[in-house]
Every structure is written in C-alpha cells, then in structure tokens.
Amino acid sequence: KFDLFAIAIECIKFKDLQTLEPMKISLRSLHKSKKTLALHVKPWDHSSYPEVHVLCSFCRKSYGLHSPGICPARGYCTACPGSHKKVDCRSKTCWNCGNCHNWKNCPSPILTIKQKNLEQFGYRFHNSDGKAVIKYIDVDNKEHICYSKG
C-alpha cells in the first residue's frame with residue numbers, strides 16, 4: 001500500500017552551541033485519517049549527567065542533575081546587590097527560584113542555565129525519592145519521562 005508522509009523536525013538553539021538541537025520529530029500521513037507519530041528527542045547528552053542517585057557534593061541539593069564541577073551554586077549571586085558566590089548567599093530571596101526563602105531551603109532542584117532554558121520548551125527537572133527524573137510536557141499536556149535510571 002502506498003502512503004505519503006510529511007516530516008517535521010522541531011529544533012532549539014542554545015547560546016553556547018553553533019548548531020540546532022533536534023527535540024521532536026513528527027511523521028504525519030497525508031491521509032488525514034491516520035494519527036501523527038511524534039518522537040521526542042532529548043536535546044542533551046545524558047551521559048554527561050552523574051548517576052541519578054548521586055547528590056551534588058558542592059550544593060548538596062540536587063541528585064543526578066549536575067556534577068560538582070558545573071554546579072550552579074559556584075557562580076556569583078544574582079539575587080543580591082553584593083558580590084558573593086551563590087553558595088555563600090544568606091539572603092531570604094532565593095537565587096534559584098526567586099521566592100522568599102534562602103536557597104538552601106528551596107524545594108526546587110538547583111538547575112544549570114541550559115536546564116532552565118529547556119524548561120521553557122516543556123522539560124521539567126525533578127528530584128524524586130533521592131534521584132533525578134526529567135519529564136517532557138507536550139502541547140496536549142501529556143507527560144513523557146525522558147530520563148530516570150534505577
């Protein structure tokens with residue numbers, strides 16, 4: 001049987017990369033009665049992530065989402081007027097989420113800039129039961145687990 005398909009590739013561009021990163025490939029039959037097939041592609045190399053159950057030894061807040069060498073808490077604070085490292089911040093305004101608590105009491109995992117950028121495209125980063133879980137929320141509000149080991 002003969003069928004024609006339209007192929008669509010959704011990509012995102014990160015500031016630190018010179019290429020477009022694919023995040024979704026859709027195959028749609030030109031016969032309108034057939035359902036569209038969508039493949040979600042993780043726009044990152046998960047082999048660069050630590051194991052999902054490993055707690056960052058620098059911030060001691062996030063499991064499996066970043067390694068101590070690239071921990072966001074190593075940067076300078078963006079929530080305070082003074083010049084100090086995020087890890088040393090004592091402000092009641094959280095530099096991680098912007099809410100009224102110190103960053104050490106933040107219920108959200110500490111995310112890298114790239115992870116925060118991915119959130120605007122529907123990715124959600126969580127720590128659940130002491131391990132990392134990454135989900136993608138599509139336009140129909142359906143959840144897809146992208147990353148969870150162990």
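Guide: Strands (E, at least two residues) and helices (H or I, at least four) are DSSP runs, numbered from the N terminus. This is a predicted model, in which local features need pLDDT of at least 70 and side-chain atom pairs count only at pLDDT 80 or more, while totals for chains, interfaces and linings use all residues. Residues are numbered from 1 along each chain as its sequence is written, and side-chain values use heavy atoms, with hydrogens and water left out.

Leu4 belongs to the segment before strand E1 (5-13). With Phe2 and Leu30, Leu4 makes up a nonpolar surface patch whose accessible area is about 330 Å² together. Areas come from the Shrake-Rupley method with a 1.4 Å probe, and for residues only the protein chains shown count as cover. A patch takes residues with over 30% relative accessible area and no salt bridge; nonpolar side chains (Val, Leu, Ile, Met, Phe, Trp, Tyr) are joined within 5 Å, like charges within 9 Å. Residues are called buried under 20% relative accessible area, exposed over 50%, and partly exposed in between (1.4 Å probe, protein chains only). Leu4 counts as partly exposed because its relative accessibility is 43%.

Now the sheet itself. Three strands form an open sheet in the order E1-E2-E3, with antiparallel pairing. E1 and strand E3 (37-40) are the edge strands, each pairing on one side only. From one strand to the next, the twist averages 15 degrees; axes here are lines fitted to C-alpha atoms, for helices over the stretch in contact, and angles run from 0 to 180 degrees between N-to-C directions. Two strands pair if DSSP finds at least two bridges between them. E1 and strand E2 (residues 20-29) run antiparallel and are joined by nine bridges, whereas four bridges join E2 to E3, also antiparallel.

Opposite Cys11 stands Pro22 in E2, and opposite Ile12 stands Glu21 in E2.

The criterion is a side-chain nitrogen of Lys or Arg within 4 Å of a carboxyl oxygen of Asp or Glu. Glu10 meets Lys24 in this way, with the closest N and O atoms 3.7 Å apart. This pair links distant parts of the chain, Glu10 being in strand E1 and Lys24 in strand E2, 14 residues apart. Glu10 is partly exposed because its relative accessible area is 39%; Lys24, at 15%, counts as buried. The structure holds two salt bridges, and among them is the one between Glu143 and Lys135, at 3.3 Å from N to O. Glu143 is partly exposed at 49% relative accessibility, while Lys135 is buried at 19%.

Last, the cysteines. A disulfide is a pair of cysteine sulfur atoms within 2.5 Å, and the whole structure has zero disulfides. Cys94 is in no disulfide, the nearest cysteine sulfur being that of Cys106, 3.8 Å away. Cys94 is buried, with 2% relative accessibility, and Cys11 is partly exposed, with a relative accessible area of 36%.
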